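Dear colleague,

My findings follow directly after it.

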Amino acid sequence: MSSSDEFDVVVICSGNRFRSPLAEVPNVVSLREGVARAQLLRAIPSADVSVTRVYSERVGAGRVIRQQPQARTTFMSGRDIELVVSKGSRFAAVPAVTG
């Protein structure tokens with residue numbers, strides 16, 4: 001690199017700490033939606049978190065089924081994080097009625 005080369009440096013400051021524009025995505029699968037969102041925004045304050053809700057027979061209502069980008073991948077600032085959150089079972093338990 002010569003002294004005449006130009007390049008941009010991006011620095012993100014959160015509070016009194018400097019943050020890299022790249023961050024590692026935490027694993028939030030199986031956490032409740034509110035806890036998952038808080039962990040994501042603590043690790044990556046600039047992230048936009050979107051949620052899609054789907055029925056699941058295996059995962060309880062309000063818990064994260066999957067996330068994109070996946071855990072432990074590098075996240076570039078300015079992208080979205082997508083969570084798929086369980087609505088619970090689509091079937092309700094029916095009590096046995098006799099009589």
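Strand β4 and strand β7 (residues 80-86) run parallel and are joined by seven bridges; strands here are DSSP runs of E of at least two residues, helices runs of H or I of at least four, both numbered from the N terminus, and two strands pair if DSSP finds at least two bridges between them. Within this pair, Val 54 stands opposite Ser 86 of β7.

The model is a predicted one, in which local features need pLDDT of at least 70 and side-chain atom pairs count only at pLDDT 80 or more, while totals for chains, interfaces and linings use all residues. Residues are numbered from 1 along each chain as its sequence is written, and side-chain values use heavy atoms, with hydrogens and water left out.

β4 and β7 belong to an open, mixed sheet of three strands, ordered β4-β7-β5. Because β4 (48-54) and β5 are at the edges with a single partner strand each, one side of each has no neighbour in the sheet.

Ile 65 lies in strand β5 (residues 64-68). With a relative accessibility of 21%, Ile 65 counts as partly exposed (from 20% to 50%; buried is under 20% and exposed over 50%, with a 1.4 Å probe and protein chains only). Beyond its neighbours within four places in sequence, Ile 65 has contacts (heavy atoms within 4.5 Å) that include Val 29, Val 54 and Ser 86. Val 29 is 36 residues from Ile 65 in sequence, yet their C-alpha atoms are 5.7 Å apart.
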